[in-house]
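Q: Here is the model I have been looking at. Can we go through how it is put together?

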Amino acid sequence: MDRGLERDAIVITPLERGLAALTRLGLPANRGHPVLADYVRHELIVHVPVGTAHRCTSQGTRSLTTGSWLLVPSGLHGSVSATWLSTPHPTRPRFVDPGELSEALRQVDQTGTA
């Protein structure tokens with residue numbers, strides 16, 4: 001579990017829309033950018049630096065900040081309910097910039113490429 005003390009998170013719906021935005025950003029899979037897929041809620045959860053989630057202002061997102069709780073899969077793979085699409089680097093996680101993510105989501109919404 002993560003209580004938002006070391007990082008914030010941005011929850012994107014639907015999952016495919018979030019994946020399209022990450023593709024637009026050219027983020028390589030499994031390079032230390034903590035990204036979760038929640039298959040039950042059909043959401044993508046992208047971890048960002050602590051105190052920055054508010055910079056993602058795109059529709060269809062919500063911010064998890066200090067005091068929010070996020071249940072994360074244990075281990076490297078997770079389960080059929082939720083899994084890491086990109087696991088956090090063990091000592092130096094690389095975070096997605098929330099402003100860039102917001103812009104990528106707007107581009108996806110405008111082009112309909114989700």
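Q: Which residues have the most contacts inside the largest nonpolar core?
A: Ile10, Ile12, Leu44, Val46 and Leu101, in a core of 18 residues. A nonpolar core here is a set of buried Ala, Val, Leu, Ile, Met, Phe, Trp, Tyr and Cys residues joined through side-chain atoms within 4.5 Å. Buried is under 20% relative accessible area, exposed is over 50%, and partly exposed is in between (1.4 Å probe, protein chains only).

Q: And which elements give two or more residues to that core?
A: Strand 1 (7–12), helix 1 (15–25), strand 2 (35–38), strand 3 (43–49) and helix 2 (98–111). Helices (H or I, at least four residues) and strands (E, at least two) are DSSP runs, numbered from the N terminus.

Q: What does Val46 touch?
A: Leaving out residues up to four places away in sequence, Val46 touches Asp8, Ala9, Ile10, Ile12, Leu22, Pro34, Val35, Val96 and Leu101. Contact means heavy atoms within 4.5 Å. Another core, of seven residues, lies apart from the largest one and includes Ala9, Val11, Leu64 and Trp84.

Q: Before I go on, what sort of model is this?
A: This is a predicted model; local features need pLDDT of at least 70, side-chain atom pairs count only at pLDDT 80 or more, and totals for chains, interfaces and linings use all residues. Residues are numbered from 1 along each chain as its sequence is written, and side-chain values use heavy atoms, with hydrogens and water left out.

Q: What is the average pLDDT of the chain?
A: It is 86, and 92% of the residues score at least 70. pLDDT is the predictor's confidence in each residue, from 0 to 100.

Q: How many bridges between strand 1 and strand 3?
A: Six, in the antiparallel sense. Arg7 stands opposite Pro49 in strand 3.

Q: Which residues of helix 1 are buried?
A: Leu15, Arg17, Gly18, Ala20, Ala21 and Leu22. They pack against strand 1, strand 2, strand 3, strand 4 and helix 2. After helix 1 comes Gly26, with a positive phi near 70°.

Q: What pattern does the chain follow along the sequence?
A: The pattern is β-α-β-β-β-β-α. The radius of gyration is 13 Å, close to the 13 Å that the globule rule gives for 114 residues, so the chain is as compact as a globular protein of that length. That radius is taken over C-alpha atoms, and the rule is 2.2 Å times the number of residues to the power 0.38.

Definitions and conventions:
Two strands pair if DSSP finds at least two bridges between them.
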